[in-house]
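Please look over the sequence and the structure below before reading on. The briefing that follows is grouped by topic.

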Amino acid sequence: MSEKQKDFIRIRGVSKLFGDFVAVDNVNLDIGRGELFSILGGSGCGKSTLLRIMAGFETPTAGTIEIDGVDITHLPPYERPVNMMFQSYAIFPHMTVEDNIAYGLRKDRVARPEVTARVDDVINLVKLGEFRKRKPEQLSGGQRQRVALARALIKRPKVLLLDEPLAALDKKLREHTQFELMAIQDQLGVTFIVVTHDQEEAMTLSSRIAVMEKGCFLQVGEPKEIYEYPTSRFVADFIGTINMFEGTVTQLGDETIIVNSAEAGTNLHALGDHAVEVGQHVCIAVRPEKIFISRDEPENADDIKVRGVVDDLGYFGNLSLYRVRLSSGKVIQVSSQNRQRSAKRFVEWEDEIWVSWRPRSAVVLRD
Amino acid sequence: MKKQSRLIISILVFGYAFLYIPLISVVFYSFNDSKLATVWGGFSTRWYGELFRNEQILDALFLSLRIAASSATLATIFGTMAGLILVRFGRFRGRALFSGMITSPLVMPEVITGLSLLLLFVSMQQLFGWPGQRGFATITIAHTTFAMAYVAVIVRSRLTAMDESLEEAAMDLGCRPLRVVFDITLPLIAPAMISGWLLAFTLSLDDLVIASFVSGPGSSTLPMYIFSKVKLGVTPDINALASLIILVVSVTLLIAWIVTRKTQPRASS
């Protein structure tokens, strides 16, 4: 891993304006060779525009993009060492599967025997052997996705851009394809940049994720880092579910922060040397699975403990979800794994219970 | 339920009758043996035979076909270019004006179009001596100008429905923009171009008003010939000719319809 180039793709100060609207706002990013990098964000956050800038379909208003040390900012799409898999797959309807896949090589005037050999290779890679003579209209959604992938991979691009690669597939197929995509990426070692609005997809696929909002990157990091250590409310809320308690910092220790929160109805403490001041308004965020639920008061003195009433509960087989109403009226979500087999629930609707969590499970968010 | 459907069927029958009885009567009387167009004198195909011995009619017919084929071809080339520019070249300056001007021949009264083209040809002749004689060339130009509006509209709607990322994908795979037009765009809008061509062909074949304005002595198109003959009274050979025209136009439109229909589901799925 260490010899891998960390700044294989260098995006520096890239902005894109459409009239007055700032689609991409001064974005800086390094992506390493062989990474599977995801850009995650809601619709209209600028992620697709950024991808189109990398593909060459949009010219950035400012900034530069380098791939493997070469500035490609002003290269037209047909001269970039980059290929793209479109959200609509954009398979040429008047060509067979084979011709679609071979198209890129033919445009490069690759010799015919080599075209045949390379088409065979990718067709095997994406397991489309029996469909090679078919027309696109005779293919299912999953097969079209493979054609699009094969067509984009055949030129052995330095970077493969994937725009919502799985959005057009149904749920079962999506999960399956997700792992196939990862296996292919691993096998070829091509750098993948995936744009998606689906946080689950980004979490499972990627080596790193950039969360984008209003044209800016809010946080860039490994999936685990983004999930466990979000740096902003938007990221915390966007990735998974999280309970947030508004409050004011009342005390700062060496490693602990004490926050008075009316929403929790108690003082909350959290770990970490965060750059906060006494009196500052902050937010304590806890993931539902980090919260324990019990009938009796938890014994551990360090834990944060709050009383509540079970408002609602849902049984999902492997886990149970609870909505607990605290005395302040705030409703939080708690999830717990159903470890024991039992037909009887250990808490019921309207039961008085305790919720508790470890101080280090909580995240302090400043904005 | 039953009542309603009976009502609908009778409305339908009435509507079709209203539209097609005149046409059917033309076809019917074309097989009339009598010399008087409106008196039935037994079945005969002799007027069809007479038709093909009439030099004047044949000349007019070949002129019309030549004009229709060449103006349809020109209209398809220019109309496709106009459609491409309107849909694929973004928001250039004067786009709205261009779009309006492309479609205006659709709503312009034919008399105005014909008159203005005649004035244009006359002043062109005075300025640089071309066209010396009005006929094939002038009628073809006139028909091209109004038929290309129809082609542009058809091509434009086809292009709008087409996924733009197809062209982007071709470029992404290393194809230069001009080549993309021939590799991807034209094959995919070909059905629209074909039906545009067929429509332009029938429009040109049908046109009487504009052709009357811009034609000169000795160059009568088929509609002009028919119209001048009918002024002297309907003769049965005109009925036969009209029947043949109905046949040709219906077949052309049927082909246009089949071409569009065959390629439509592929685009939508």
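Predicted model: local features only at pLDDT ≥ 70, side-chain atom pairs only at ≥ 80, totals over all residues.

**Briefing on the two-chain model**

Ser99(B) lies in helix α4 of chain B, which spans residues 95–107.

- With a relative accessible area of 16%, Ser99(B) is buried, because a residue counts as buried when its relative accessible area is under 20%.
- When neighbours within four places in sequence are left aside, the residues in contact with Ser99(B) are Leu86(B) and Arg156(B).

**The interface between chain A and chain B**

- On the side of chain A, 25 residues are in contact with chain B, and on the side of chain B the contact involves 20 residues.
- About 2000 Å² is buried between chain A and chain B, and carbon and sulfur atoms give 58% of that area.
- Three salt bridges are counted between the two chains, and one pair that meets in a salt bridge is formed by the side chains of Lys107(A) and Asp183(B), at 2.7 Å from N to O.
- Across the interface of chain A and chain B, 11 residue pairs are found in polar contact, with both residues of each pair at pLDDT 80 or more.
- On the side of chain A that touches chain B, the elements that give two or more residues are α1 (47–55), β6 (82–85), α2 (97–107) and α4 (141–153) of chain A.
- By residue class, that side of chain A divides into 13 nonpolar, four polar and eight charged residues.

**Nonpolar cores**

- The largest nonpolar core has 64 residues, and those that touch the most other members are Ile39(A), Leu50(A), Met54(A), Phe92(A), Leu161(A), Ile193(A) and Ile184(B).
- Helix α8 of chain B, residues 177–206, gives the most to this core, with eight residues.
- Not counting residues up to four places away in sequence, Met54(A) touches Ile11(A), Ile39(A), Ile65(A), Ile72(A), Arg80(A), Val82(A), Leu161(A) and Ile193(A).
- As general background, nonpolar side chains in soluble globular proteins tend to be buried together.

**The loop between α1 and α2 of chain B**

- Asn32(B) lies in the loop between α1 (2–30) and α2 (46–51) of chain B, where Asn32(B) is buried, with a relative accessible area of 1%.
- The side chain of Asn32(B) reaches the backbone nitrogen of Gly41(B) at 2.7 Å.
- Leu36(B) is also found in the loop between α1 and α2 of chain B, but Leu36(B) counts as exposed, at 54% relative accessibility, because the cut-off for exposed is over 50%.
- From C-alpha to C-alpha, Leu36(B) and Ile246(B) are 21 Å apart in space, and in sequence they are 210 residues apart.

**Thr59(A) in a loop of chain A**

- Thr59(A) is found in the loop between α1 and β4 (62–67) of chain A, and with a relative accessible area of 46% Thr59(A) is partly exposed.
- Leaving aside neighbours within four places in sequence, Thr59(A) is in contact with Lys16(A) and His74(A).
- Thr59(A) and Val147(A) are 88 residues apart in sequence, and their C-alpha atoms are 28 Å apart in space.

How values were computed. Residues numbered from 1 in each chain as written. Chains lettered and ligands numbered in written order. Heavy atoms only, no water. Contact = heavy atoms within 4.5 Å. Buried area = accessible area lost by both parts, 1.4 Å probe. Salt bridge = Lys/Arg side-chain N within 4 Å of Asp/Glu carboxyl O. Polar contact = N/O pair within 3.5 Å; in protein donor to acceptor, adjacent residues only side chain to side chain. Helix = DSSP H or I, 4+ residues; strand = E, 2+ residues; numbered from the N terminus. Nonpolar A, V, L, I, M, F, W, Y, C, P; charged D, E, K, R; others polar. Buried < 20%, exposed > 50% of the residue type's maximum accessible area, 1.4 Å probe, protein only. Core = buried A, V, L, I, M, F, W, Y, C linked by side-chain atoms within 4.5 Å.
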